[in-house]
Amino acid sequence: MDGKLTLAFLGCGGIARAHWRGIRRVATDIAVTAVIDSDRNAVAAFAERTNAKAFQSLDQALAEGDFDAVDIMLPHDLHEEAALKCLDAGKHVVLEKPIAPDLATARRILDAGTSAEGVFMVAEQAQYWPDVLRAKELIDDGAIGDVLTARACFYDPLPTIDPEAPPWRFSLARAGGGISIDGGAHWIRPLRIMLGEIEEVVATTSRHIDAMEGESIAHALMRFDSGVTATFDALLHTGVVAPTEDFRITGTTGELVLEHGREGRLRLFTDAAPEGETVLESFPGKVDSYGAELADFASAVLNGTALAAAPDYAEGELRTALAMYRSVATRRWEKVWGR
Ligand SMILES: NC(=O)c1ccc[n+]([C@@H]2O[C@H](COP(=O)([O-])OP(=O)(O)OC[C@H]3O[C@@H](n4cnc5c(N)ncnc54)[C@H](O)[C@@H]3O)[C@@H](O)[C@H]2O)c1
């Protein structure tokens with residue numbers, strides 16, 4: 001296929017649309033040659049969109065399809081079986097976050113990925129957000145002095161749902177939790193990139209969406225290995241909310257604000273610029289972060305380059321969310337690592 005990486009989409013739902021857009025716009029070294037979904041309509045729509053061959057089961061696709069890699073975009077409780085099958089079949093695998101709904105399953109997947117000959121990657125597009133990467137450089141360069149504290153605010157709109165048929169992510173057994181284990185990962189990864197590893201968390205969560213078993217509201221205090229503490233607020237909102245920044249990092253001599261949204265700007269406030277200066281207009285880089293992650297995967301397969309983040313690194317977001325859930329039960333600080 002002209003030196004391109006041939007890829008199968010496994011799961012043709014919401015995130016598959018973003019991955020397809022990323023392949024067309026950025027990861028042009030990828031040719032999608034198979035699309036797989038148990039839902040006849042979903043797979044038919046994707047086959048038409050991509051011109052790829054449609055399959056309604058992974059087994060059939062592995063037996064008959066023509067592809068070297070699989071992009072797994074399935075509900076969390078289906079990640080293990082799919083990842084292990086694909087790795088066993090000698091495919092390169094990129095797996096959407098979170099690795100799995102629980103730590104033991106995640107470990108089995110990561111171990112299988114390590115033993116495999118091919119490339120195994122856990123997809124986390126926040127690893128490629130330009131405002132986060134630039135903020136990390138500025139922090140390391142001392143642009144705001146020593147980091148004192150930070151806050152992360154993840155407000156996500158509730159998509160339209162059919163209350164008679166709630167989505168799989170509303171089931172605790174299928175998703176492993178609510179907003180923190182799911183979209184919250186995209187806010188926890190940047191905190192880890194910018195501030196280092198999280199040592200322990202204390203959290204409260206609540207629910208305000210009847211059909212959703214997991215938490216739709218979460219508040220956590222996170223203490224990093226450096227001793228810095230940050231707050232993490234997450235809300236699946238059902239009504240209008242006012243604009244707020246995604247992240248605010250406060251140092252001894254200044255502050256960085258990562259404004260909300262895919263067009264969000266990175267602003268730096270210092271003595272020299274007390275009204276704030278725009279360091280980066282992150283558009284369109286943030287929009288294209290799915291493409292950047294898939295380009296990273298393709299380059300690792302085609303050129304042997306190192307991934308921006310090793311798959312094990314994604315255990316950090318999962319562990320943080322699970323430690324938050326333990327903290328809700330124990331009403332105490334919970335360690336993120338070491339269990
Ligand atoms: N990185 C991000 O920004 C982001 C955003 C949304 C979802 N995700 C992740 O992507 C994954 C999928 O989420 P989604 O929102 O696209 O879900 P979705 O429900 O929109 O799509 C999942 C698809 O999988 C199909 N499916 C279910 N069981 C199957 C099976 N056994 N075989 C084949 N197909 C099957 C469904 O029919 C559906 O089309 C999850 O891991 C989720 O956390 C990531």
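I took a pocket, on a 1 Å grid over the protein atoms alone, as an open set of points with protein on both sides within 12 Å along at least five of seven lines. A molecule sits in a pocket if more than half of its atoms lie within 2 Å of its grid points. By that rule, the ligand sits in the largest pocket.

The model is predicted, so I noted that local features need pLDDT of at least 70, side-chain atom pairs count only at pLDDT 80 or more, and totals for chains, interfaces and linings use all residues. Residues are numbered from 1 along each chain as its sequence is written, and side-chain values use heavy atoms, with hydrogens and water left out.

Next I checked the shell. I found 23 residues around the ligand (a heavy atom within 4 Å). Gly-14, Asp-37, His-76, Trp-168 and Tyr-290 come nearest. The shell holds nine nonpolar, eight polar and six charged residues; Gly counts as polar here, Tyr and Trp as nonpolar, Asp as charged.

Then I looked for polar contacts (N or O pairs within 3.5 Å). A backbone N or O atom of Ser-38 is 3.2 Å from a ligand nitrogen. The side chain of Arg-169 has an N or O atom 3.1 Å from a ligand oxygen. For the side chain of His-186, the distance to a ligand oxygen is 3.3 Å. The protein covers 79% of the 840 Å² of accessible area that the ligand has on its own (Shrake-Rupley, 1.4 Å probe).

Last, the domains. The assignment, automatic or from a database, gives domain 1 (5-125) and domain 2 (127-288 + 318-335). Each gives at least three residues to the ligand shell. I read 27 Å between their C-alpha centres.

Definitions and conventions
A polar contact is a pair of N or O atoms within 3.5 Å; within protein, one must be able to donate a hydrogen and the other to accept it, and residues adjacent in sequence count only if both atoms are side-chain atoms. On a 1 Å grid over the protein atoms alone, a cavity is a set of points where a 1.4 Å probe fits but cannot get out, and a pocket is an open set with protein on both sides within 12 Å along at least five of seven lines; lining residues have an atom within 4 Å of a point.
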